[in-house]
Structures are given as structure tokens and as C-alpha cells.
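I want to look up aromatic pairs and nonpolar cores.

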Amino acid sequence: MTGPVLGDLVAEGAAAFARAGIECAELEARLLAQHVFGLNRAGLIVHERDTVGDGAAARFAALVSRRLSREPLAYILGEWEFWGLPFSVSRDVLIPRPETEFLVEQALASSRAAGADASWQALDLGTGSGVIAVVLARELGGRVTAVDRSAAALRVAAENARRHGVAERIAFVRGDCFAALPAGARYDVLVSNPPYVSAREMAALAPEVGCFEPRSALFGGPDGLDCLSAISRNAGPFLRPGAGLFLEIGATQAEAVRSLFTASSSYEDVRILPDLAGRARVLAARAAA
């Protein structure tokens, strides 16, 4: 008796995803199959008419079932790509997104223009999976302090730092934002993807986000500005004169966030940077001299 055919399993998974309204149904079914059967895309094509064992077929079916429950694909696979690199993820951390790549691009461009070198000190607040800290360490060559309240998130971040060879240049600190930093610490650049989702937006999130990603990394208070406001009040003393500050923000928050920083004498050159789609995405500022 022959077993199920690999290509048929993938097609059945894709059809189930499409019926459930999951976007990119074929792609997601293929990625799950590559994960279960240890194949790349070309291998999946070459072996699509091969029969597979019942055990492997059952493992694939179990992952399809998890995705149909709206669990994000990244959590099922256990990793996701950011900056062209694979990063481990778990339900303790946010899934890396293109918006955060834009944030990192802006921070890197500014730091390089300012002459970043091996002595550069960067601060990543709310590091989560560590993607920002890892990329800053790899690209700038200096040292990064990465802060998070979650011990579980810091374990994921530390794993990613080891995975990408920068563990010795990142100090992972558990604590609540600036309270976790040593007295007198000063940084050349601060980069953060803080919680900025408002109560109204939380209620409208897709189930993949609202039901699975950590609420503490998403919810920014009634108007989404709690953490952004705290950064505007407290970051100044931790920044060297002229240091860059880059924060990811919600697309509707531009004016509110700009007002938080322009109202403080700690910052100058406060700007809102739109992404390629023209949406407000990053608050950029410099520490006052």
C-alpha cells in the first residue's frame, strides 16, 4: 500500500488555507512542507510525486491544523527572516516585520553619516527577538545594550545573537526601559520598536496578531502613546549630545508623537519619516547639544 503523495499533501494544505481565507495559501503550504520534509523549494518540486511516510504526513497535517487555528506561520516554523537573515522566534516575541527593517535602515544611515565606529554605543529598548540589536551590532561594529522586561524574550534574543556571531558585543539587560540602565550610561544612538497599538486598534487586530503575539509588546495604552511618551520624557539624559533617536510608530500617530518630542528641550531636528508607501513610520530626532 502506497503512502500519500507529497505534491498532493501540499495542494490539499493550500486548498484548506484558501478556504479559510488565509492569504498566500500556496506559499504557506509550501513553506510548511519544506519545513517538515527538510527540502528547499527546488527539492519540493523535484520530489513532488514521491510518496511520504505516514508519520511525516501526520506531522504536516498537524502543522496545517495549527495554521488553520490562525497561529502565525513564523511561530510554527520557529524562525523568520529579517535583514536577509534567519531569526529564531517564539510566542514570547513579536514576529519581525518589514516596517522594522525601515526603522533599522534609518538608524544605520544616520549612524554611518555621523562616523560610527567600533566605539559606538547603541541602545535597543524592548529588544524582543533581538533583531534590531543583532543588525546594529553586525552593521556598525560597536556595542549594543538590549533591554527587555521579559526573561523569555531575552533568551530568544541571546540565541539570535549567538546564531549570528555578535553575542560578545551585545549586553542583554532585563528591566523596565531606562530603569534597567546603569547610572551615567550614555549612548550614541537609541533605536526602539516600542508598544504603540491603541485600545481601538487592539480590538481590530487580525487573530494571528491579537491572539498569538505578546500583548505586552503591542499594547501602548488607550491611545497607543504610553511608551512613546515615556521615552520622550526619559531618554534625554542617556543620550550623548547629537545622538540619534529612532522610534517605530503607528501610521496615524505622526502628529501626536512629533508633539511629544518637540515639546521637550532634550531633542532637536524632530522629524517623521514616511516609508516607501508614504505612511508615517519612524520618529527621528537628535539629542540636544
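Predicted model: local features only at pLDDT ≥ 70, side-chain atom pairs only at ≥ 80, totals over all residues.

Starting with F178: it is buried, at a relative accessible area of 7% (buried is under 20%, 1.4 Å probe, protein chains only). Residues are numbered from 1 along each chain as its sequence is written, and side-chain values use heavy atoms, with hydrogens and water left out.

Next, the aromatic pairs. Rings of Phe, Tyr and Trp (its six-membered ring) pair if their centres lie within 6.5 Å, and planes under 30 degrees apart count as stacked, over 60 as edge-to-face, the rest as tilted. I get five aromatic pairs by this rule. F178 and F238 are stacked because their ring centres are 5.2 Å apart and their planes at 25°. F178 is in the loop between β5 (170-174) and β6 (187-192), F238 in the loop between α11 (226-234) and β7 (239-248), 60 residues apart. F238 is buried too, at 15%.

Elsewhere, I found F82, W83 and F87 linked into a cluster by ring pairs.

Then I looked up the cores (buried Ala, Val, Leu, Ile, Met, Phe, Trp, Tyr and Cys joined through side-chain atoms within 4.5 Å). The largest has 31 residues, and F178, L190, L245, F261 and L283 have the most contacts inside it. Apart from it I noted another core of 29 residues, including L85, I132, V135 and L136.

Methods:
Helix = DSSP H or I, 4+ residues; strand = E, 2+ residues; numbered from the N terminus. Buried < 20%, exposed > 50% of the residue type's maximum accessible area, 1.4 Å probe, protein only.
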